[in-house]
Amino acid sequence: MRHTRLKTDTAIGLILSVFFGIGIVLLTYINQLPVGDQSGLDEFIFGQAAAMVSSDVRIISIVAIILVAIVVLLFKELKLLIFDREFAQGIGLPTTVLNGLLMTMIVAAVVIGLQAVGVVLMVSMLIAPAITARYWTDRLDHMVILSGIVGALSGISGTLISAPISGMPTGPLIVVSACMLFFVSLVIAPKKGLLIKAYRLKHLRKQTAREQILQSLYELAEEHYAATRSLKTFPGEDIQALRPLSARRFQKALKGLQQSGYVNVTNEGFYLTASGREKAHRVTLNNRYMQMYAMHEVRFANLHMEKQNWDFLSLPEEEQGRLQALLHEHKLEPTLLQMLQEGRTST
Amino acid sequence: MTDYTFWILLTASLVGITCGIIGVLLILRKLAMVSDAISHTVLLGIISAFLITQSLDGWTMFIGAAIVGVLTTVFIQMLNSAGVQSDASIGIVFTFLFAIGVILVSMFARNVHIDVEHTIMGEIAFIPWETVNWFGIEAPQAVWMLSIVLVIDVILLLFFYKEFKLSTFDPELAAALGLPVGLLHYLLMGMTSITAVASFDAVGAILVVAMLIAPGATAYLLTERFSMMFVLSATFGVIAAISGYYMAAWLNASIAGMMATMAGVLFLLAFIFSPTHGMIAKALSQKHIRTFDADT
């Protein structure tokens, strides 16, 4: 299929369904031949775990043990093959052989799984435990073990649920339990789960809203002070005009800022407290550093800011100096605190 | 030709045309695996519709299948945006929904005519016996359903032809021009679902994928024109259906399976002999380049 203009998914779908069709033709053809030993064939499509006999179990166990043994013995090589194929080739590993081995192992796993869950649902036994494990760990060795455990758990629970109810198919129940484990992991997994992500997003939104208000107040005060040498309170509309937020989030963030003692409220509006000015200064400085960084990203490529959570104020003095120089050039230095200090010393 | 054969051939040809037309869009939009997923999950739609309404009426099943089909794509999209790779999310969603469908079938609907094997292979041989009389014409229910779906598909396709064309080949431009790209996507998914459910009786869940993908892929190797692809794909669908029926009758094997096989054979022929993209043509042009290089 590499040689046509068809996309991979078309090729897979085509091969899959056409070969399945051929399989069905052969199946129906064999069914009317006058030979024995054919009645179990359509059970492979859905699997019939309950109909397995001890020789089946023995074969499955032996194949499973061989597969696990291969994975353990060749773990390093397979790991390299998966993550950096070119490098593996470079240090002289037989990547084609290893890849073939991997494919053969997948086929072997599918074949022994057929009797339990059947052709169609085998797909999910290959995928679900693995991505479930992926949510809990970043290490391949842990992932392999975890995935095995998840697979075993879903097998056991599926069987236990289906056993007491007559007519319940075991294979689909195993698949449903595997998927359930995946969905649960998707939601509650630490670090990657949806809940923790949502919480982080909410926290980030809250923080951003607060910082926006602080910076807006700071900038308003800065401008006003530069013109009139006095501080003043600003109505909410002025703050909103600078960096619009939804009304609800605006109120909530302001309340939070009041509670932290950064902002005070009067009848006319809001103003920064002394500690609020300090905080707002830092926020404004950081955001303006960010602006400089974005404008001159090439010059600061060594900083890897995305890894440091965009916290410019924790950078070494020297780097901050470079950013400061740029700010000066663009006349964007936050100056309110300085002006206030000068005002105080001159009076 | 007896009446019985005629109805089977008509049903099979309708499946070929309908699936062929939809398949073109699926292939060009790289949705072949999604169609595989949908064709499985319509089982859940059919059985849920049956459990809710307690009837085997074609229309409720239609609606159920269309809803579940679109839901399938929505779920896949959701998992995708939650950070799961697209192939893994397709695999999880469709096996999950399919497994639930199978469980529901074996729990509640054992005695109804939806049985599991039927869903896999279809029962095209029984179709001529389930006739209904609409507008004074006595025809099998499957033929009615397929014709209606075909009409719906063709009308939607003609109506949104330009939109589909643009959003298939240049989705960014289409989005920039303000076309509802997402809506078109779900519209196509809905069309795929009703096509799958209408073809379900005839060819079953898995082989409908062959009828969806193979004729389109064959046409893709033979033409560069969007409109031509639909015509060729539908034609190949019909050829696969009719030749499949006669082959099956000759070997006394599964008709649906043979239709899929013939679709594959047609693809193989195009793969080898296509004048522009076939293996022979490519080998010849390569040889031509080599001799050309040697000459200069």
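These legends describe close-up views of a predicted model.

**View 1. Helix α13 packs against helix α14 in chain A.**
Helix α13(A) covers residues 274-295, and helix α14(A) covers residues 317-329. Their axes lie 10 Å apart. The packing angle is about 85°. Angles of 65 to 115 degrees count as roughly perpendicular, so α13(A) and α14(A) are roughly perpendicular to each other.

**View 2. Side by side: the residues that join α13(A) and α14(A).**
From α13(A) come L285(A), R288(A), Y289(A), M292(A) and Y293(A). From α14(A) come Q320(A), L323(A), Q324(A), L326(A) and L327(A). By class, this contact holds seven nonpolar, two polar and one charged residue.

**View 3. The interface of chain B and chain A.**
Chain B gives 54 residues to the contact, and chain A gives 48. About 4200 Å² is buried between the two chains. Carbon and sulfur atoms account for 79% of that area. On the chain B side, I92(B), F96(B) and Y220(B) lose the most area to chain A. Together they make up 14% of what that side buries.

The rule finds zero salt bridges between the two chains.

**View 4. Helices on the side of chain B that touches chain A.**
Helices α2 (32-53), α4 (86-108), α5 (116-121), α9 (181-222) and α11 (255-273) of chain B each supply at least two residues. The largest share, 13 residues, comes from α4(B). This side of chain B has 35 nonpolar, 13 polar and six charged residues.

How values were computed:
Residues numbered from 1 in each chain as written. Chains lettered and ligands numbered in written order. Predicted model: local features only at pLDDT ≥ 70, side-chain atom pairs only at ≥ 80, totals over all residues. Heavy atoms only, no water. Axes fitted to C-alpha atoms, helices over the stretch in contact; angles between N-to-C directions. Helix = DSSP H or I, 4+ residues; strand = E, 2+ residues; numbered from the N terminus. Parallel < 35°, antiparallel > 145°, perpendicular 65-115°, else oblique. Contact = heavy atoms within 4.5 Å. Nonpolar A, V, L, I, M, F, W, Y, C, P; charged D, E, K, R; others polar. Buried area = accessible area lost by both parts, 1.4 Å probe. Salt bridge = Lys/Arg side-chain N within 4 Å of Asp/Glu carboxyl O.
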